[in-house]
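Biologist: Could you take me through one part of this model slowly, the place where the helices pack against one another? I would like to know which residues make the contacts, and then take a glance at the ligand.

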Amino acid sequence: MAESSSHSAALQIDHVTKRYGSGSTEVTAVRDVSLSVSPGEIVLIMGPSGSGKTTLLSMLGALLKPTEGTIQLNGTTISALEENRLPDIRLRQFGFIFQDFNLLSALTAVENVAIVGELAGIKSGEARRKAAALLTELGLKERLDFRPEKLSGGEKQRVAIARALVNDPTLILADEPTANLDSKIGHEIMRLLRRIAKEQGRSVIIVSHDQRIKDIADRVLWLEDGEFKETVTMAIDPICGMSVEREKAVHLNWEGQDYYFCAKGCRSEFEDKLKSMS
Ligand code: ADP
Ligand code: MG
């Protein structure tokens with residue numbers, strides 16, 4: 001079962017198809033999709049409503065079995081595992097972030113996070129310490145003992161992110177994570193998620209139709225009628241720090257290394273720096 005994939009992808013999806021129903025009511029929600037995600041990579045999947053985003057994400061999180069194709073996580077073919085193995089994998093390998101946060105209203109912020117650690121077998125005191133540390137890192141030090149009703153939308157979302165991180169998952173899956181947030185706050189929280197994911201080497205897959213979060217992604221995939229239509233690879237302009245689409249950016253190849261810029265001005269500034277260093 002634990003066959004390893006040919007390279008070091010955290011997540012490997014091969015020819016995955018999902019059909020709902022049968023006969024005249026059959027719907028193909030996801031159609032022959034393949035994708036490989038590296039450790040620490042952040043992939044944004046965009047597409048119109050009904051294009052199959054939630055179906056795809058549910059299969060990646062082992063909440064739904066593909067009709068055809070395989071999904072491997074760290075070399076384990078999760079799409080072939082028995083149902084009774086899945087809850088444990090979901091708890092330890094995945095961090096889910098849902099648009100409606102799904103926090104437990106009777107528990108405080110720190111308890112909402114700690115309980116997920118405890119479910120995975122972390123001792124109560126340690127789970128609490130870990131939860132408090134994560135929430136502090138996410139800027140909620142003063143909110144640890146607040147119940148969800150006393151938190152703003154953005155604060156609830158950060159609790160949801162801490163909960164998704166507490167078991168050190170391989171993969172974080174987020175479905176429309178900014179949908180219930182003011183777009184500026186949503187964008188800031190996604191930047192925070194990116195920073196933590198990069199620092200800790202966790203892969204992230206976000207599905208959304210929020211254009212503003214494109215620049216936190218390493219790659220943006222466009223899903224339409226259950227198929228990937230277009231891929232955009234993002235890069236950071238080393239001069240101004242702006243996120244740019246490689247395919248449209250000003251390009252420089254310097255000693256075999258590719259660099260991408262928002263404009264020629266940034267490129268010439270960079271070239272001057274390189275020349276002065278060499
Ligand atoms: P998105 O998240 O991009 O809006 P979905 O994955 O929810 O797309 O849906 C993709 C397609 O599959 C749609 O045509 C939807 O109606 C259909 N679909 C989704 N879930 C089910 C289901 N449980 N049963 C039947 N059809 C479904
Ligand atoms: Mg959806």
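Modeller: Happy to! A helix axis here is a line fitted to C-alpha atoms over the stretch in contact, and angles run from 0 to 180 degrees between N-to-C directions. Please keep in mind that this is a predicted model.

Let us start with helix H5, residues 153-165, and helix H6, residues 183-200: their axes lie 10 Å apart and pack at an angle of about 20°. Because angles under 35 degrees count as roughly parallel, H5 is roughly parallel to H6. The crossing of H5 past H6 is right-handed. On the H5 side, the contact is made by Gly154, Gln157, Arg158, Ile161 and Leu165. H6 answers with Ile185, Ile189, Met190, Leu192, Leu193, Ile196 and Gln200. Sorted by class, the residues of this H5 and H6 contact are eight nonpolar, three polar and one charged.

H5 has another partner to look at, helix H3. The axes of H3 and H5 are 8 Å apart, and the packing angle is about 20°. That angle makes H3 roughly parallel to H5. Here, too, you will find a right-handed crossing, with H3 passing H5. From H3 come Ala109, Asn112, Val113 and Val116, which meet Val159, Ala162 and Arg163 of H5. This contact of H3 with H5 has five nonpolar residues, one polar and one charged.

Now follow H3 to its meeting with H4. H3 covers residues 109-119 and H4 covers residues 124-137; their axes come within 8 Å and cross at roughly 130°. With that angle, H3 is oblique to H4. The crossing of H3 and H4 is right-handed. Ala109, Val110, Glu111, Val113, Ala114, Gly117 and Glu118 are the H3 residues in this contact. Their partners in H4 are Ser124, Ala127, Arg128, Ala131, Ala132 and Leu135. The H3 and H4 contact divides into eight nonpolar, two polar and three charged residues.

Finally, the ligand you asked about. Around ligand 1 sit Tyr20, Val27, Ala29, Pro48, Ser49, Gly50, Ser51, Gly52, Lys53, Thr54 and Thr55. Among them, Tyr20 has a side-chain N or O atom 3.5 Å from a nitrogen atom of ligand 1. Ser51 takes part through its backbone, with an N or O atom 3.2 Å from an oxygen atom of the ligand. For Thr55, a polar side-chain atom lies 2.6 Å from an oxygen atom of ligand 1.

How values were computed. Residues are numbered from 1 along each chain as its sequence is written. Chains are lettered from A and ligands numbered from 1 in the order in which they are written. This is a predicted model: local features need pLDDT of at least 70, side-chain atom pairs count only at pLDDT 80 or more; totals for chains, interfaces and linings use all residues. Side-chain values use heavy atoms; hydrogens and water are left out. Helices (H or I, at least four residues) and strands (E, at least two) are DSSP runs, numbered from the N terminus. Angles under 35 degrees count as roughly parallel, over 145 as roughly antiparallel, 65 to 115 as roughly perpendicular and the rest as oblique. A crossing is left-handed if the near helix is turned anticlockwise from the far one by less than a right angle, and right-handed if clockwise. Contact means heavy atoms within 4.5 Å. Ala, Val, Leu, Ile, Met, Phe, Trp, Tyr, Cys and Pro count as nonpolar, Asp, Glu, Lys and Arg as charged, and the others, Gly among them, as polar. A residue is near a molecule or strand if one of its heavy atoms lies within 4 Å of it. A polar contact is a pair of N or O atoms within 3.5 Å; within protein, one must be able to donate a hydrogen and the other to accept it, and residues adjacent in sequence count only if both atoms are side-chain atoms.
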